[in-house]
Amino acid sequence: MAAILQLACKKLVQVPPPGTQLTSDNVYATNATATSVLTGIYTVLPASSMQIGSTIDAISLVSALSADELILDGGAANGNALLVQFYRNALTPGLATASSSTIWSDIYSDIYIANVAIERLGISTGLTFAVRQQLTGEAKFLRAFFYFYLLNLYGNVPLVTKSNYAGNAFAPVASAGLVYNQIISDLSDAQKLLTDNYVGPDALSSTSERVRPNRWAAKALLSRVYLYTKNWDSAKILSSEVIGNTGLYGLTVLNGAFLKNSREAIWQLQPVNAGWNTEDARLFILPASGPTTNSAIGYPVYLSNELLSSFESGDQRKAHWVDSVIVSNSVYYYSYKYKSASINAPITEYVMVLRLAEQYLIRAEAEANEGGSKINSAIADLDTIRARAGLPNYSGGNDLVSLSAAILHERQVELFTEWGHRWLDLKRTNGINKAMGMAEGYKGIAWRPEWQYYPIPLYDITEDPNLVQNQGY
Amino acid sequence: MFTCELSRGLKVKAISYRAWAVWLAVFLFISMSEQLRAERYSPLVSFSGHNVSLQTVFTSFEKQTGMAFFYNFSLLKGSKPITAEFKNVPLEDALKQVLKSEDLDFYFSGKTIFIIRKRHSSQAMKAVLSSTSDRGYNAVDVQGEVRNHEGEALAGATVSVKDGNNITQTDDKGIFKLQQIPPGAILEVTYQGYLKKEVQVFENGEVDVEMELAKNRLDEVQVIAYGSTTQRLNTGDVVTIKSSDIENQPVSDPILALEGRIPGAFISQNNGLPGGASTVQVQIRGDNSLIHSGDPLYIIDGVPYASQTPPSGSFGPIMGNSSGNPFNFLNPSDIESISVLKDADATAIYGSRGANGVIIITTKKGGQTNAKLDVNLQTGFGEVAHKMKLLSLREYLDMRYEAFKNDGLAPNPNTDYDLTLWDTTRSTDWQKELIGGKAQYSDIEASFSGGNTATQFLVGSGYHKETTVFPGNWNDRKGSVHFSVNNTSLSGKLKLFLSANYIIDNNALGGFDLTQTVMSLPPDAPTLFNADGTFNWAPNFQGVSSWPYGTNPMAVIAQTNKLKTDNLIANAVISYQFMRGIEFKTSLGYNLLQSNGNIELPFAALDPSTWSYRQRESRFSDNQVESSIIEPQICYTGKLVGGILTALLGTTIEENLTKGQVWDASGFSSDLVMSNILAASNIKALQNTYALYKYNAIFGRASYNWRGRYLCNFVVRRDGSSRFGPDNRFADFYSVGVGWIFSKSTLLQEAFPTLSYGKMRLSYGITGNDQIGDYSYLDLYSPLSGIGAPYQGVTGIRPYNLYTPNLKWEITKKFEIGLETGFFKDRLLFNFSYYFNTSSNQLAPYLLPSFVGFTAVQENLPAILQNRGMEFDLSTVNIKTKSFRWSTSFNVSRNVNELTRIAKGMSGNYLLLLGKPLNDVLLYHFAGVDPITGVNQFLDEHGDRVYQPNSSTDRTVLLNFNPRFYGGLDNRFAYKGIELGFLLQFVQHNGSTFPYFGLPGFGFNEPVSVLNRWRHAGDVSNFQKFSQNGSLVSSFTYEQVSDQNYGDASFVRLKNLSISYSLSENILRRLHLQNTQVYIHAQNLMTFTHYGSLDPESLSITAVPPLRVVTFGIKAAIR
């Protein structure tokens, strides 16, 4: 009797999950809902206003500020305290409102979603095989992409690959090698799992929209990872495969590169804010009134002289990818790679994450380092990029030092204000102290080498006794 | 003196529960042994008198012995005068002596001496003394009828033989039967809400009893969980407010009528807006939950009612359109009573929902009277009672110039419009202009009611309209209908009760509370309107509006804000008595609260210079809360060893569905088409809420009342809620309450003859709190909101929390001891209760490093929150003559909240609060202005003066925001037809006393206190120098979170004043009217406080304070 009562009562307090929401139990039961989870990650990447500096898409802004590409209007007196910290390289780990902690937690919350996805897709039975393959590939690709940035921005990070929060909560900092191994393993898997073509929102049908990663995106990112880990041969092989896929990819004219689904695009993010093209354009393109220190108005930055003066004369990139405004006799230059910044303009541009030009420069650098017979093909790749910018062929020395410097310089003027390339390049090539020493004057700082890594959020250090703060904080 | 008392009282907690039990046993023993003794008790008396009446003799004996004589006056009519003289003779002998020549006899019963006719005396004596075991007398079978003053049969009245063991209850027709009762015995008849009646049994065995309505508060009906009782017989702590108290207060939210009247319930109004925009905070005996809702459980006519409405989206602080106050959708005049249930005994039957107390609202019902029409018309006004003293135009301009001088700068024509663009000779009192208006208040109520023994009905209808103190025609209008029907079958066994309340609220309030703007607006700000009546945008040289925040404050009147709410509360109770004492009852309840909103932001409300890049925007919202409840119950009433046992077994099946949507539409081509969502070029869903809550329980209650002396109440509930993980949905709750009415003890009656009522109560039990939100244990994936252009055309989804199947309810263990006393025939009633509540299993975030994906997970932490306190309640009838009556009631409560245990994983702030009240706030210690620099200084942790204190180490001052004590003093005077009542409410608490709108020196007006600022080196001041370049912003910000910003905000408020004049019976008869009166009601009439800011109750400078409302009305009943 009691048992019957008990059972009856249980039924009376059972409620299905709300019709408006799903749980991890049923979300991976169907193709559509499982795909929507990953679509959710792509959606949030370009969704936030970049100047808030809290999400991963803000890397293009904050890393450029930390490096020597952007000037923060008003410097230390700028109303945006968070940007001041990045600009002056003096990050405070403790303040939740003004630190690097939001990018960290933002990325890790996406990693959590990827971890759950990888686990659940592995055991899910309700999905079409091809969809399961594609989504697992996307989740692994994304996890690798996130860890690549975490590692390069923070130096030391805990490696979390499971969703069990209780088990993860005491994770220690993992060595860079371990994290790179995970990244390489994820990207290698992704390379096998992802399809050759780009897929639509069903993760199955083919589309011309280059907004979900495919096999080539995995190869392109993996070639970058090999370059960073100085595995020259693998870097070269993978970038060659991407460059060799001329059916899909090719260099475009400068003004066509950042258009949506351009032939140069390997992976782009579709803007999601109604009426607007990219958030990059909204942030970087200055109005006639120029930049402003008022944190409520979104034009805090302009290009630095360091960047502007590094363009060779005749570089068409300065003509096409840089523009300026004049306010009270002062000229302010801004990044003009994305050109559409007015409301309700047709959507013509997507946020570029991986593009072909970088692959040429990766191959050039890998071959230069391999040396010997590869030097010439390295120079040829470099010249391909220079030629598109209207510049004459490389005329410097064939030695590794000169060539490396030329490639690094080419990366600076090709990839400026894109996804932290400059900041990361300076660090991996040990050029950071020199470059930042030169920026000390205009930033009003005394550079310290430890600042090349952002501090681990104090919050995480407090909650996880096994974490150790980066040096210098 | 009071606080001293308290500190002593708080030590009570040290005495363990076991000690209490021992005490209780001792009390019980004493009182039992007394009774045994009383039967043989015959004190000595002396008397000397010549030709005096028997009555005089009895009175003298009463005085000497403290015993009472009970007799029918007619018995003494023929008695002869007495001449007698005794000295220290036993009372029994003395009585024999004086009665020997009369046809009278007597017997003792406890402390009463009954005088009866002689021929029955021997049997009667025997009967009483030997009780029913001895059959050697001519006992009779008694049959009688119990009716009330209006002749209605009273079913379920208790009839017992005084000092005997016979007890019974009347049936549905009010008839009772008792067998073998000695003639002359006394029957006690009690019925809830009526005075106890004693009647003597005569030889014919027929006894008809007419009961009188209790005027005594102790015997008035008190609604409790699943039933009713009286204060006298209640083992729990329940306070009831009657419709008369609610009617005297011009409030549109009935909960506000409780303010200052309920010991233990702290109620405060957060703003003075009408129509659900006003939020009312209700906290019964402190905060039991670390982070979850502390709202009590509300039950209206048996139907659980939401304490919050779902949010419906807004552009900003849209009044009545954000999460609103559902009590606005209830007509106060439809309410018969509101009961506030506080302790475990009263609340445990609500199981997992009763931890924060329960408020039961009962609506009006018809009576067994001729049909009558009650009409009540009321109109009046509301206004802001207190204005802040702000800088005058001259002082403001001087402040600005001084700030520029201090900064070494000159006003910038591009930004400092107040000095360079506006007319600096023109001054406006913005408080008068924007919140100085009079809100209209009108209310019309009519109800038609009547009935006979079989059917009673009531149909009522009301209309209520309130406007605001702001300029513009903003208003809230309500129309309501209420009905109730009672029907009893001919057999009296089958009964039906049906009631419904329906209200339609049309909220057309503005989009903004202008108060915020008002306070900071410079006195020389431009006129609101141009000469042609259009908005004055006061463009600067670039054509952009120079108003602060770029908008004319009155432009909000061009916005449309409409919120229409429908609320239906319906309840049916069907009961069937299938055998004597056993009744089967089912209560069915339904509530539907539905609202539709439409907000429009047309270009007319925007600065024309912004039109090129702004969009017209409309929002449409549709929300509803629907709940249904079924509660079948079996009730038993019967005799058990000389007492009455009442038992209840029931089950609850409840379902509650909240759902809603908010749509944002933009891109309209014209202001005129904005109500049509089809005219928008871009539509996005802002919100989609859906929550289903299911609740199921089995509950039982057994109450035992032994002769109105010993009371015992036991409650159990097994309770399941869908808000928790599958394995943790069920839990058991229980409570035990005992009461001892010690005033019935002879010993005490002798020792304290003035004591007319005394009861000790003790209760202990467990209740829970499940107000943690629906589905919170699930790792829900929700669609991303606010995405205008979905990625690849598909809306992405994302998880927002971790899966936590182990979540359980929070548990509150409540202990209470209460003392209730009445003196001078209950003219003075004094109650005291002490309670000690311990809440554990706290659902709170367990912090995680953010790299696991979330920064916290909800868990039941072993943290403990204690609330302990005392409540005193005193009511007296000071003067009571034929034409004048003055009564007073006073209550005061104090609650101490303490976080006594914290748990691992809790946020660091809790660590600092250990051993302190939960909502203590950590502040910097302000150290005055540096006399040299004129900049604020603070003490750091080492006691050194610094300009920039460290937030993690230097916040050394803990300030408590809980009220230290609060209460009310109510006085009522009645002289012939004139009645006057006033309620003084008092609260001692802290609040922000530093009401600055920005750094003094900026382009905001400021309170006059800033004039005491530092000016020259060497000045000693608590106000730093004026500045406007932003260099002092941080020291100003630190000051805002320092002890300089906070202080005493205690107040005494004349909460309510009501004066009425009832027309005399003579006039009324001629007009065919009844109970007709004219009246004046006033709310928040005066406030006495040192608090310098706007209002000490709302403690806000951004919200319009609770209004002073004065209404005039007339009330009549037509038969």
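This is a predicted model: local features need pLDDT of at least 70, side-chain atom pairs count only at pLDDT 80 or more; totals for chains, interfaces and linings use all residues.
**View 1. The contact between chain A and chain B.** The contact draws 60 residues from chain A and 50 residues from chain B. The size of an interface is often given as the accessible area lost when the parts come together. Here chain A and chain B bury about 4900 Å² between them, with 64% of it on carbon and sulfur atoms.

**View 2. The salt bridge at the interface.** Across the interface of chain A and chain B, 1 salt bridge is found. Its partners are A:Asp110 and B:Arg798, whose closest N and O atoms are 2.8 Å apart.

**View 3. The side of chain A that touches chain B.** Several elements of chain A each supply at least two residues to this side, among them helix H1 (2–12), helix H3 (31–44), helix H6 (101–123) and strand S5 (265–269). By class, this side of chain A has 35 nonpolar, 19 polar and 6 charged residues.

**View 4. Strand pairing between the chains.** S1 of chain A pairs with strand S35 of chain B (residues 780–783) in the antiparallel sense, over 2 bridges. In S35 of chain B, B:Tyr781 is the bridge partner of A:Leu22.

**View 5. Chain B as a whole.** Chain B has 16 helices and 54 strands. Its C-alpha trace spans about 115 × 70 × 70 Å along the principal axes.

Definitions and conventions. Residues are numbered from 1 along each chain as its sequence is written. Chains are lettered from A and ligands numbered from 1 in the order in which they are written. Side-chain values use heavy atoms; hydrogens and water are left out. Contact means heavy atoms within 4.5 Å. Buried area is the accessible area (1.4 Å probe) that two parts lose on being put together, summed over both. A salt bridge is a side-chain nitrogen of Lys or Arg within 4 Å of a carboxyl oxygen of Asp or Glu. Helices (H or I, at least four residues) and strands (E, at least two) are DSSP runs, numbered from the N terminus. Ala, Val, Leu, Ile, Met, Phe, Trp, Tyr, Cys and Pro count as nonpolar, Asp, Glu, Lys and Arg as charged, and the others, Gly among them, as polar. Two strands pair if DSSP finds at least two bridges between them.
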